[in-house]
Amino acid sequence: MTLLLAGSNALNKWLKTDLPRLPTKEGQRVGVHNLESDVQTFCWQLHIIDNAYKSRHKTIIACEANSRFTVFIPVDTKLTLDELAARLQMQWQYSFAKTLQQLRAMPNSEIAMLLSELSEVNMVTHWVKNTDLSISGHISDSALWVTQTLAEQGLNELTDDLRTDLSIHLNTQKKRVKNKTQKFMPIVNMMDYCQDILLAQDNDKKCDANKLTNDAIIAQQPDEVSLIECNVINFCKYKQNK
């Protein structure tokens with residue numbers, strides 16, 4: 001599975017790196033692709049803001065493409081791409097768990113099991129320079145919450161408790177995506193998406209197990225290869241044909 005992290009121009013500049021662009025089709029604007037997560041690609045849009053005018057304290061705002069689940073990563077020193085990816089993985093799972101606990105959506109033991117299963121999903125990180133304009137509005141709203149909260153509290157950066165509380169608040173508010181009339185709650189969509197990921201991973205494992213079983217049967221009975229190939233059900237292919 002691919003963890004696709006799209007950094008805005010501002011974040012790309014702050015990281016002092018030159019991230020590649022997403023491939024562009026004819027007629028598409030460069031660097032403003034719409035992001036969409038699925039069971040093969042986990043997409044996040046990331047942007048960085050100053051906590052105050054010309055402050056060295058900054059906040060990276062990360063928003064998941066489908067659910068609009070949003071998390072905050074305070075920074076005051078440069079991070080490598082690997083360090084930032086690791087911080088994001090840790091922060092979104094922590095905020096996810098805390099939000100589920102706040103809503104009492106499931107017992108703590110089930111939340112722990114869910115996070116354990118998600119941590120076992122093998123993800124290959126891929127960075128690009130891109131700004132999804134449909135997500136930019138959500139990030140701008142989140143940025144206002146950050147700067148106003150810090151100003152009211154007289155702080156330079158978000159504390160652990162503040163960023164968690166802010167994330168819980170925003171991810172339990174109903175939102176609306178452009179061109180869609182129905183409102184949604186980010187935590188609900190994120191939960192659905194995580195369950196889809198785990199279901200897809202489970203199906204892949206079952207398909208691999210079925211293939212190994214079929215191969216073992218064929219290896220043990222070489223004289224009946226043609227019969228087995230015709231009659232042993234390959235559930236992966238069956239699902240693909242449905």
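Residues are classed here as buried under 20% relative accessible area, as exposed over 50%, and as partly exposed in between, with a 1.4 Å probe and protein chains only. The structure is a predicted model, in which local features need pLDDT of at least 70 and side-chain atom pairs count only at pLDDT 80 or more, while totals for chains, interfaces and linings use all residues. Residues are numbered from 1 along each chain as its sequence is written, and side-chain values use heavy atoms, with hydrogens and water left out.

Secondary structure elements are DSSP runs numbered from the N terminus, with helices (H or I) of at least four residues and strands (E) of at least two. Two strands are taken to pair if DSSP finds at least two bridges between them. On this basis, five strands form an open sheet with mixed pairing, in the order E4-E3-E2-E1-E5. Strand E4 (70-75) and strand E5 (124-129) are the edge strands, each pairing on one side only. Neighbouring strands of the sheet are turned against each other by 25° on average, direction ignored. Axes are lines fitted to C-alpha atoms, for helices over the stretch in contact, and angles between N-to-C directions run from 0 to 180 degrees. Helix H2 (residues 81-103) packs on the sheet and touches strand E1 (2-7), E2, E3, E4 and E5; contact means heavy atoms within 4.5 Å. The direction of H2 makes about 135° with that of E4.

Within the sheet, strand E2 (residues 41-50) and strand E3 (residues 58-64) pair in the antiparallel sense over seven bridges. Asp50 has Lys58 in E3 as its bridge partner. The side chains of Asp50 and Lys58 also form a salt bridge, with the closest N and O atoms 2.4 Å apart. A salt bridge requires a side-chain nitrogen of Lys or Arg within 4 Å of a carboxyl oxygen of Asp or Glu. Asp50 is partly exposed at 36% relative accessibility, whereas Lys58 is buried at 16%.

The whole structure contains three salt bridges. Another of them joins the side chains of Arg56 and Asp76, at 3.8 Å from N to O. Because Arg56 lies in the loop between E2 and E3 and Asp76 in the loop between E4 and H2, this pair ties together parts that are 20 residues apart in sequence. Arg56 is exposed, with 55% relative accessibility, and Asp76 is partly exposed, with 34%. A salt bridge is also formed by the side chains of Arg163 and Asp160, at 2.9 Å from N to O. Both residues lie in helix H5 (residues 160-171), three residues apart, which is about one turn of the helix. Arg163 has a relative accessibility of 14% and so counts as buried, while Asp160 is exposed at 51%.

Six aromatic pairs are found in the structure. Rings of Phe, Tyr and Trp (its six-membered ring) pair if their centres lie within 6.5 Å; planes under 30 degrees apart count as stacked, over 60 as edge-to-face and the rest as tilted. Phe42 and Tyr193 form a tilted pair, with 5.4 Å between centres and 40° between planes. This pair links distant parts of the chain, with Phe42 in strand E2 and Tyr193 in helix H6 (residues 186-220), 151 residues apart. Phe42 is buried at 1% relative accessible area, and Tyr193 is buried at 7%. The rings of Trp44 and Trp92 have centres 6.3 Å apart and planes at 40°, so this pair is tilted. Trp44 in strand E2 and Trp92 in helix H2 are 48 residues apart, and the pair links distant parts of the chain. Trp44 is buried at 0% relative accessibility, and Trp92 is buried at 2%. Phe42, Trp44, Phe69, Trp92, Phe96 and Tyr193 form one aromatic cluster.

Helix H2 also contains Gln101, which is partly exposed at 33% relative accessible area. Leaving aside neighbours within four places in sequence, Gln101 is in contact with Asn108 and Ile111. The C-alpha atoms of Gln101 and Ile168 are separated by 10.0 Å, the two residues being 67 residues apart along the chain.

Lys16 is placed in the loop between helix H1 (9-14) and E2 and is exposed at 72% relative accessibility. Arg68 is placed in the loop between E3 and E4 and is buried, with a relative accessible area of 5%.
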